[in-house]
Amino acid sequence: MIEPDFLSTTRTAYDAVADTYAELISPKFASTPLVRAMITPFAELVRATGGRVADLGCGPGHVTAHLSALGLDAFGVDLSAEMVALARRTHPELRFEEGSMFALDLPDEALGGVLSNYSIIHTPPERVPEVFAEFSRVLAPGGHLLVAFQAHEDPSAAPEAFDHTVALAYRWSPDHVARLLREAGLTEVARMVISPDEDEKRGFPQAFVLARKPAALG
């Protein structure tokens, strides 16, 4: 199957900046409590129901390591071979693999949790429903998904492209993301939006939507 151009472009872009990206993003994650705020309840919910957790779009592996420190059986998947190699060097005790969110190398209902930490942002908006369908496929009934992304202040706004520096990206309204999750069979549990005043670079809100796959009946 021919790979879409946006995946090739995104992979190449992140391969080229892997070390620099890790030097910037890992300390920022460690020093910004609000960025980590929704991960703690996500981890608690996953621990309560059990199952492994995939950090999809894991980059240099710092968030995967954080999930592991919270007591989860976590592993990372990333499109970029250089990011995966860096994650393996930095966190040799954890598992990292190359892969695409469009076709995860996992059986149906294999996971208790999925974290998508700013990993949908490079996907063209018309293709995001495919990604959410894949998230839903690999989640076990009762499993949880946490999605983080740059957001709009206007809940009715359409996805909007912006210059991410590394690769073209899109910001979303939380309402729009929640609707697409519902269409993929996932139920919103909670959301958090960080004020745009906290984003010194672009002045974008940062949004986190927590969703659950309904438990099996009977």
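Buried means under 20% relative accessible area, exposed over 50%, and partly exposed in between, with a 1.4 Å probe and protein chains only. The model is predicted, so local features need pLDDT of at least 70, side-chain atom pairs count only at pLDDT 80 or more, and totals for chains, interfaces and linings use all residues. Residues are numbered from 1 along each chain as its sequence is written, and side-chain values use heavy atoms, leaving out hydrogens and water.

**Exercise 1.** Classify the aromatic pair of Y118 and F208, and state whether each residue is buried or exposed.

*Solution.* 
- Rings of Phe, Tyr and Trp (its six-membered ring) pair if their centres lie within 6.5 Å; planes under 30 degrees apart count as stacked, over 60 as edge-to-face, the rest as tilted.
- The centres of Y118 and F208 are 6.3 Å apart and the planes stand at 90°, an edge-to-face pair.
- Y118 sits in the loop between β4 and α6, F208 in strand β9, 90 residues apart. Helices (H or I, at least four residues) and strands (E, at least two) are DSSP runs, numbered from the N terminus.
- Y118 has 18% relative accessibility, so Y118 is buried.
- F208 has 1%, so F208 is buried.

**Exercise 2.** Do likewise for F132 and F135.

*Solution.* 
- Both residues lie in helix α6, 3 residues apart, about one turn of the helix.
- F132 is buried because its relative accessibility is 0%.
- F135 is buried because its relative accessible area is 0%.
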